[in-house]
Amino acid sequence: MTQKLLAGTQAPDFALLNSEGQKVSLSDYRGRNVIVYFYPEAATPGCTTEACDFRDSLSSLQSSGYEVLGISPDSPEKIARFAGDFSLTFPLLSDEDHAVALAYGAWGEKLVNGEVVDGLVRSTVVLDGEGKVKLTQYQVKAQGHVAALKAELGL
């Protein structure tokens, strides 16, 4: 299992391609709180539920001072289709070599259909405006995740 991030530590910076093939860096968000959530695969039931939940909560999150970035090992083309199909209005980023997921502790062993496999573990990391970790949640459930996250953040 990869090392999980701890609250109070500096989050690893990254630059990944978005659904339009443009580079997006974590440093672009300095001065703002950022919710970075890792999802296993675009357009699968759980990932769609979670993404639509973030979409539907985006205005309340942003009005509370939080931006949202979704990261998966999908290609920019696949996340572009996903964003278009479900009207996702926040950046989705492509981590095809899963280097960022590894750095954030969101890649490792998980149980899929009764079998242990290596893969992306559904995770959320909340960062402050300086890029320090405020909160980490690993192995989250897609259903109800955003509401639980908002409650934990006091929003």
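## Salt bridges

A salt bridge here is a side-chain nitrogen of Lys or Arg within 4 Å of a carboxyl oxygen of Asp or Glu. The structure is a predicted model, in which local features need pLDDT of at least 70, side-chain atom pairs count only at pLDDT 80 or more, and totals for chains, interfaces and linings use all residues. Residues are numbered from 1 along each chain as its sequence is written, and side-chain values use heavy atoms, with hydrogens and water left out.

With that rule, the count comes to five salt bridges. Let's look at some of them.

## Arg55 and Asp56

Arg55 pairs with Asp56, their closest N and O atoms being 2.8 Å apart. How exposed are the two partners? We call a residue buried under 20% relative accessible area, exposed over 50%, and partly exposed in between (1.4 Å probe, protein chains only). Arg55 is partly exposed at 25%, while Asp56 is exposed at 55%.

Helices (H or I, at least four residues) and strands (E, at least two) are DSSP runs, numbered from the N terminus.

Both partners are partly exposed: Lys78 has a relative accessibility of 24%, and Glu41 has a relative accessible area of 36%.

## Glu50 and Arg122

Which residue does Glu50 bridge to? Its partner is Arg122, with the closest N and O atoms 2.7 Å apart. Glu50 sits in helix α1 and Arg122 in the loop between β7 (115-120) and β8 (123-127), so the pair ties together parts that are 72 residues apart in sequence. Glu50 is buried at 0% relative accessibility, and Arg122 is buried at 14%.

## The largest pocket

Arg122 turns up again in the lining of the largest pocket, alongside Lys110, Leu111, Val112, Val121, Gln139, Val140 and Lys141. A pocket is an open set of points on a 1 Å grid over the protein atoms alone, where a 1.4 Å probe fits, with protein on both sides within 12 Å along at least five of seven lines; lining residues have an atom within 4 Å of a point.

The volume of this pocket is about 180 Å³, taken as the space filled by probe spheres set on the points, which are joined across faces, edges and corners. Its lining holds four nonpolar, one polar and three charged residues. In this scheme Ala, Val, Leu, Ile, Met, Phe, Trp, Tyr, Cys and Pro are nonpolar, Asp, Glu, Lys and Arg are charged, and the others, Gly among them, are polar.
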